[in-house]
Structure formats: C-alpha cells, structure tokens
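Here are a few friendly notes to read alongside the model. Please keep the structure open as you go through the points.

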Amino acid sequence: MKEKARQTESEAKYRRGRQFGLGGLRLFAVGAALAALWAAQAYAGESPIKIALIADKTGPLEAYAKQTSAGFAMGLDYATGGTMMVDGHKLIVIEKDSQTKPDVGRNLLNEAYNDDGVDIAVGGTSSAVALAMLPVAQDNKKIFIVEPAVADSITGDKWNRYIFRTGRNSTQDATSNALAIGKAGTVIATLAQDYAFGRDFVAAFKTALAPTGAKLVFEEYAPPLTTDFTAPIQRIFDALAKEQGRKIIFVNWAGGGNPLAALKAMGPERLGIEISTGGNILPALVAYKDFPGLEGAAYYYYEIPKNPVNDALVAENKKRFNGAPPDFFTCGGFVAAQAVVLALKKTGGSTDTEKLIAAMEGMAFDSPKDTVLFRKEDHQLLQPMYGFKIKVDPNVAWAIPELTHVITMDEMKIPIANKR
C-alpha cells in the first residue's frame with residue numbers, strides 16, 4: 001500500500017509538470033520569485049523608524065524635559081501631517097529618563113542604539129548629560145540631535161560629525177542678550193551657575209559685549225543647586241559699588257532656585273542697580289513681574305513670532321493642554337521633531353547615517369521661530385532670537401516679554417568653534 005501511494009504521488013507530480021510544460025514551470029518559478037520580492041519590498045516599506053528621546057525627566061530640569069517631550073510629539077504630528085509616517089515608514093518614539101545624571105544619559109543612549117535599535121536619537125536637557133552622550137553617537141556612528149542643552153562645547157571642541165543641535169548654544173544666548181542691553185557707559189556683573197552652562201555663557205557674553213561699548217566688570221559663580229544667594233549677591237553689590245555708569249546685574253540661571261527673588265529682597269534699586277536676564281519658561285516668568293521694564297533677549301515666547309508654523313504650534317498646544325500656550329522648551333522639542341522628519345523626507349525614508357548627514361548639513365526650514373538653518377561646518381542650528389522688555393499685566397499670571405527687536409542669525413555672527 002505504501003509503495004502504491006508513493007507511485008500515485010509521483011504520477012500526480014508528473015501530470016502537473018506535463019500540464020504546465022517546461023515553460024510553464026519557468027513562469028511559475030519567476031512568478032514566485034517576483035512575489036517574494038514584492039513581499040520583501042512591502043515589508044521594507046513598512047519597517048518602522050525608531051527615534052529615542054532622552055531627557056532629564058527627573059531632577060532640577062524636569063519641567064524643561066516635559067516641555068521638550070510635549071513639543072516633540074506635536075512636532076512629529078505637524079511635520080508628518082498627522083500620519084506619523086515618512087515614505088511608508090511608521091515613526092516610533094522611545095522615551096528615556098536620563099535623570100540629570102551624565103552616566104545615566106550615556107548608558108541610555110548606548111542602550112537605545114544597541115538594544116532598542118533606534119535609528120536617530122534626540123535629547124540632552126542638561127549640558128553635562130549631553131556632553132557625556134556625544135562620544136556614544138560617534139562610537140555607534142548614529143545621528144544624535146541635541147535639544148535643548150546649550151553648552152558651546154557641544155558644537156565646539158567636544159563636537160563630532162554625528163552631532164546636530166536644534167537648541168540654541170550659549171553664544172547665541174549670550175550674544176543676543178549682549179546686543180539687547182549692551183550700550184556705551186554700561187557696566188555689568190554676572191551671576192551664573194558654576195558649570196559649563198554658566199561659564200560658557202559668561203565667556204561668550206563678555207566677548208559679545210565688547211563691540212557694544214559696555215563692560216563686564218565682575219563674574220560671580222554659584223553651585224547649580226544654590227538656595228541661599230545672600231553672599232554671592234553681596235559680593236556683586238560690593239564690586240559694582242566701585243564702578244561708574246549704568247549698573248546691571250545679568251543673571252544666567254536654569255532650573256530651580258532662581259536667584260531673582262533673592263535679588264529683589266536685597267533691594268538692588270537702592271544702589272542704582274538694574275537687573276537683566278534672558279527669557280525663560282512661563283512659571284519662571286512669574287518672578288519677572290517684580291522687575292517691570294527688565295530688558296534681555298529670549299529664545300522663544302509664544303506671542304512673539306508671527307508665522308503659520310508658530311500659529312499651528314500655539315493652537316495645538318492649547319488644544320492638548322486645556323488652553324495653555326506652548327512654552328520655551330515646547331518650541332525646542334517641536335523644532336527637533338521637524339528636523340528629524342524633514343531629514344528623513346530628504347533621504348526618502350532612509351536611515352543611513354551618511355545620507356542623513358548629507359541631508360541635514362545646510363538644511364533650512366520654516367519653524368515656529370521663522371526660518372532656521374543647520375550650519376554645515378558645525379551642525380549648529382542658526383536661528384533668530386528676540387530682544388524684549390518686560391511688561392506687567394495684572395490679568396496675566398506671568399510677566400510678558402514684549403518684543404523690542406528681532407535679532408537675526410546674521411546679526412549675531414556666531415563663531416564656528418569646532419576646529420573641523
């Protein structure tokens with residue numbers, strides 16, 4: 001019986017072969033091969049693109065990280081037209097908390113590239129964390145977009161070719177503020193945090209002040225977690241007492257423990273001293289209400305830019321967050337997401353690192369801050385900044401930075417510092 005069954009099966013195969021003929025068998029084989037190829041192409045088109053977003057969701061910069069995350073989500077939605085797709089590839093975001101710890105950030109980025117298989121990473125809330133992550137991108141030959149860490153060294157001497165930064169750098173902050181307040185006959189003392197964020201800013205600020213005729217006469221640094229500012233402020237008062245002219249204390253501070261309240265309590269106005277600082281998140285702008293007329297420069301305030309992209313960001317943020325406007329770092333996250341999507345569109349959805357680098361170098365696009373541009377030489381995003389003067393409205397919970405001057409990217413003349 002078994003022998004008969006084998007013969008019957010063989011005869012059936014022979015009859016099928018005769019029915020198709022030799023040419024038919026060849027056509028059948030070609031058709032099967034084409035079907036396999038089409039299936040492979042369809043699978044490739046559907047393969048997701050993974051993006052890591054690594055931010056300091058716990059620690060003193062928690063508020064900044066949450067805004068970055070919210071902005072990034074809205075930016076991806078906007079740039080993909082609500083599809084979360086680029087050329088048939090689904091975008092998948094993997095978020096990680098670097099806890100404001102450099103070693104944690106470094107390990108998480110390595111994990112993202114090697115265990116999670118991400119194609120592009122975004123992040124670095126703290127400059128210290130971002131700096132720890134830069135070599136990981138180089139080791140893995142993968143793109144890392146820094147947002148919003150500002151230390152100049154990120155696109156300066158610590159830079160590598162896999163690093164792009166959508167956030168502004170310390171020199172952009174410093175130069176815009178110097179242009180906003182620097183005038184002949186003005187003497188300035190600084191109060192800044194004692195790490196890369198603060199020291200990079202002051203170094204650039206001093207350089208940018210020189211052409212304005214103003215002079216930086218005293219520098220005071222305090223630990224990032226300082227809560228008692230009495231001694232640092234008194235040292236500044238003593239230094240400025242020896243100077244003549246318009247006297248200003250410029251504060252460069254990020255995160256909790258902002259010294260503005262301590263400055264107000266110590267009464268700088270009785271000594272003829274004014275206060276200046278850069279823009280900040282809306283909760284921090286509440287403290288600015290104690291300083292009507294304060295001048296400085298901001299990276300972003302939602303009412304300042306007048307363009308369709310910013311209109312879309314403001315409307316979407318209000319829709320998602322119970323009428324609240326987008327904040328300082330919401331804009332940054334949005335811009336970073338735009339950069340990711342536009343780069344992928346330029347490569348046709350390819351995540352090949354060399355193709356992405358070629359696509360992003362010199363890439364300009366319309367953002368909530370109007371037109372921005374990745375400089376080819378150091379991958380720093382050049383962008384406008386906004387000179388402001390504080391207005392106090394009793395019907396608004398925070399102080400309002402009213403635009404005095406759009407400071408263009410050409411006006412700031414940001415130096416290339418990476419020695420590429």
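1. The charged end of Arg199 sits over the ring of Tyr221, 3.8 Å from its centre. Arg168 places its charged end over the ring of Tyr299, at 5.6 Å from the centre. Sitting over a ring requires CZ of Arg or NZ of Lys within 6 Å of the ring centre and within 35 degrees of the ring normal.

2. A word on the basis: this is a predicted model, where local features need pLDDT of at least 70, side-chain atom pairs count only at pLDDT 80 or more, and totals for chains, interfaces and linings use all residues. Residues are numbered from 1 along each chain as its sequence is written, and side-chain values use heavy atoms, leaving out hydrogens and water.

3. Tyr299 also belongs to a cluster linked by ring pairs, together with Tyr64, Phe328 and Phe329. Rings of Phe, Tyr and Trp (its six-membered ring) pair if their centres lie within 6.5 Å; planes under 30 degrees apart count as stacked, over 60 as edge-to-face and the rest as tilted.

4. The structure holds 11 aromatic pairs. Tyr195 and Phe197 form a tilted one, because their planes stand at 35 degrees, with centres 6.0 Å apart. Phe201 and Phe250 are stacked, 5.3 Å centre to centre with 15 degrees between the planes.

5. Phe201 is buried at 2% relative accessible area, and Phe250 is buried at 0%. Buried means under 20% (1.4 Å probe, protein chains only).

Technical notes:
Buried < 20%, exposed > 50% of the residue type's maximum accessible area, 1.4 Å probe, protein only.
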